[in-house]
There are 2 protein chains.
Amino acid sequence: MNIGLDIMGGDYAPAEAIKGVHLFLEHTPDNSVHPVLIGNAQEAAPYLHLLEPYKGRYTWVEAPETISMDEHPTKAFKDKPNSSIAVGFGLLKMGKTDAFISAGNTGAMMVGAMYTIKTIEGVLRPTIASPVPRMNSTFNLLLDVGINADCKPEHLVQFAQLGSIYSSHIFGVEKPAIGLLNIGEEEGKGNILAQAAYPLLKEEQGIYFIGNVEGRDLFTDKANVVVCEGFVGNVALKMAESLYHIFKEERNIEDPFLAQFNYEVYGGLPVLGLNKAVMIGHGVSSALAFKNLITAAAKMVSSNVIDAFKKHFATAVA
Amino acid sequence: MNIGLDIMGGDYAPAEAIKGVHLFLEHTPDNSVHPVLIGNAQEAAPYLHLLEPYKGRYTWVEAPETISMDEHPTKAFKDKPNSSIAVGFGLLKMGKTDAFISAGNTGAMMVGAMYTIKTIEGVLRPTIASPVPRMNSTFNLLLDVGINADCKPEHLVQFAQLGSIYSSHIFGVEKPAIGLLNIGEEEGKGNILAQAAYPLLKEEQGIYFIGNVEGRDLFTDKANVVVCEGFVGNVALKMAESLYHIFKEERNIEDPFLAQFNYEVYGGLPVLGLNKAVMIGHGVSSALAFKNLITAAAKMVSSNVIDAFKKHFATAVA
C-alpha cells in the first residue's frame, strides 16, 4: 500500500517528517508499506540523504507550495493547488495513495478532504478522534476532539458508530463499550445536548451504549469509546497532553502509564467518516510521531475500517 | 466568626466531618473561628468524644433529618425542614453563622441557598468555582465547574467578574488575568458561546481579560482565572482529580506539584454570587478536607469577598 505523507506539515518540517520516514523504513523490514513523500525538494534537500539507503522503498512527489499553519484553510487550499496538502489529496483521490497524513494546517486538511475524497454518504460530519491511554491495556477512543465545536445529538450518535467500528477494527475490541461524556452518571444529567443525545444512543442498534461517563472515567476501563462535542473533547485532550508535559518533561517523572500520554506513542489522530484514510499529526510532530503516524495510517488501510464505515452507513441510509 | 458545618454530608459522614473539626481545633490555637456543628446527635455520638477537649470552642445544633445524595434537591429541601442542610441555611440566613459548609447533596445546597440567603442582586446565576494547582505558585481558579451546564455569554462575563474578585481577595492576586477557556488562541475561535463571550469579555471594564486559553493552560501561569460553562469545567475538574488518583494513589508517584491536585489541599469549592459564604465539599471528603474547608470558609468571611461582590454588582446594576 502507498501512504502519502505531507513532509511540509508541522513545526519541525521537513526535517522531522523525513527523519520519521527514515525511522519507519529502518524498523520495517517488509516493503508492503510504501511511503509517498510530498513536498518541496529544495527544502527537503538537506535531509533527503537520510533516505539514500532506502531507494525504491519510497516515492518522491514534488509539491513546491506549502500551506502555513496560520493561513485561512479554504482560501489557502484553493489558492495553492501545488501545495503539499492539495497534491496529497489529489493523489489520494486518484488512488495513487491509500492514505494521507499531514501535521500541517488542520483546517486546510479538512477542507481538502471535503473537496476531494469527500465524506462517506450518510455521514453528517467527519470527526477527529484521539486515542487516550487506558489503565491496564491499550487505548480508549475520545471523539470529537476539536473540529465539531457545536454539535447536535445526531452527530454524537454518528461519532458513537464511527468510534465503535474504529475501536473494533484498530484496537481489536470485540464489543466496544460506548460512553457519553457527561457531568453525572444518571440519565437526565448534563447539558441540553447530552440530555438529548442519551435516549438516541440508548435506542441505537449496533452499538453497545453503557450510558454516561464522566471526566474521571476517560483513562479507565469503563468505556472503550467516549463521545462528546469537539469543544469539551479538545479541552480534555489538550489538558491530558499538558499534564504529560508537566509531569514527564518538566518534572521528570518516569512511569509507564504516564509515558502512554505522549502523543508520539500513537502518532496522531485519525479523521473518521471520510471515504479514505486520513490522519492528522500534532503541530510539534517529531520523527517518532511521523514514524508512528505511518504505522497508524497503514493499520487504517489494512484493517479495512473505511469499508466497514461505508457498509454501516450504506445500511443505515437504506 | 461562626462557621456552620453540616456534619451529615459526604460519604463518610459524620465520622470524617467530626474528625475534621477536631483537626481544625487542634491546629488552630486562637478561638476566633468557632465551628457550629449541625447534625443528628445520635449518629454523631460515637465520635463526639473527640471534641471533649474543645468544649466551648464549638457549638452543637441539632438537625435530626438528613438529605441523602440521591434525593431530589427541591423536594428534599422542602420536605425536610429539620435536615442539616435546611437548618444550616436557616442559621446562615439569621446571621447566627457567617458561612455554611456541606459535603452533601450539591443540588439541595443550591436550592437551599436560593430559598434562604439568595443570590446577590444583579448576579444572574451563582457559580461553583474550583482552585486548580498552578505551576510555580498557589492556585488558578476555574469556573463554572458544574452547576451551569448551559450558559449564555453574559453568564461567562459574570463568572469572570466573580472569579477576578475571588482571586484577588482569597489568593491575593493583585490584577487577576482572566482567560476564556477555548479550543484555539485567536479571537473568533471556538463554539458559538465562546465566540460570543470573547468580545463581551474584551469590552468589560474592571477585569483584566487576556483572551483565550486552552486546555493546556489550566495549570500554567497564563491566567489566574479561567471561565467556561459548567459542562466543560466539570469534565476538566473530574479529569484532573482522576489523574491525581491514578498517579498518586494507584501508582504511588511522589511529586509536590502532583500533591497539589488533591482536593483535600483546598478542601472544597466556593459558591460565588450568593449573599453569604457557602462552600461545597467533595462527596468523599476526609477529615483533612473538612479541616481545610473550615479554613477556606473562614477566609471567605475574613477577606470580605462577599462585600466586594455586592459592591461590584451594586455598581454594575446602578
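A salt bridge is a side-chain nitrogen of Lys or Arg within 4 Å of a carboxyl oxygen of Asp or Glu. One such pair joins the side chains of Glu214(A) and Lys238(B), with N and O 2.3 Å apart.

The model is predicted: local features need pLDDT of at least 70, side-chain atom pairs count only at pLDDT 80 or more, and totals for chains, interfaces and linings use all residues. Residues are numbered from 1 along each chain as its sequence is written, chains are lettered from A and ligands numbered from 1 in the order in which they are written, and side-chain values use heavy atoms, with hydrogens and water left out.

**The interface**

The size of an interface is often given as the accessible area lost when the parts come together. Here chain A and chain B bury about 3500 Å² between them, 73% of it on carbon and sulfur atoms; buried area is the accessible area (1.4 Å probe) that two parts lose on being put together, summed over both. Ile183(A), Phe231(A) and Met239(A) supply 20% of the area that chain A buries against chain B, more than any other three residues.

Each chain gives 37 residues to the contact, where contact means heavy atoms within 4.5 Å. Across the interface there are 4 salt bridges. The elements that give two or more residues to the side of chain A that touches chain B are α7 (192-203), α8 (230-250) and α9 (256-259) of chain A. The largest share of that side, 14 residues, comes from α8(A). Helices (H or I, at least four residues) and strands (E, at least two) are DSSP runs, numbered from the N terminus.

**Salt bridges in the chains**

Over all chains, the whole structure has 22 salt bridges. Three of them are listed here.

| Pair | Closest N to O distance |
|---|---|
| Arg216(A) and Glu214(A) | 3.0 Å |

Lys202(A) lies in helix α7 of chain A and Glu187(A) in the loop between β7 (177-181) and α7 of chain A, 15 residues apart. For accessibility, buried means under 20% relative accessible area, exposed over 50%, and partly exposed in between (1.4 Å probe, protein chains only). Lys202(A) is exposed at 53%, while Glu187(A) is partly exposed at 41%. In the second pair, Arg216(A) is partly exposed at 32% and Glu214(A) is buried at 5%. In the third, Glu71(B) is partly exposed, with a relative accessible area of 24%. Salt bridges that share partners also join Glu185(A), Asp217(A) and Lys222(A) into one network.

**Helix α1**

Helix α1 of chain A (residues 15-27) has 13 residues and reaches 18 Å from its first C-alpha to its last, close to the 18 Å expected at 1.5 Å a residue. The expected span is 1.5 Å times one less than the number of residues. Its buried residues include Ala15(A), Ile18(A), Val21(A) and Phe24(A). Among the elements that cover the buried residues of α1(A) are β1 (2-6), β2 (34-39), α2 (41-48) and α11 (287-302) of chain A.

In chain B, His22(B) is located in helix α1 (residues 15-27). His22(B) counts as buried because its relative accessible area is 19%. Not counting residues up to four places away in sequence, His22(B) touches Leu50(B), Leu51(B) and Tyr54(B).
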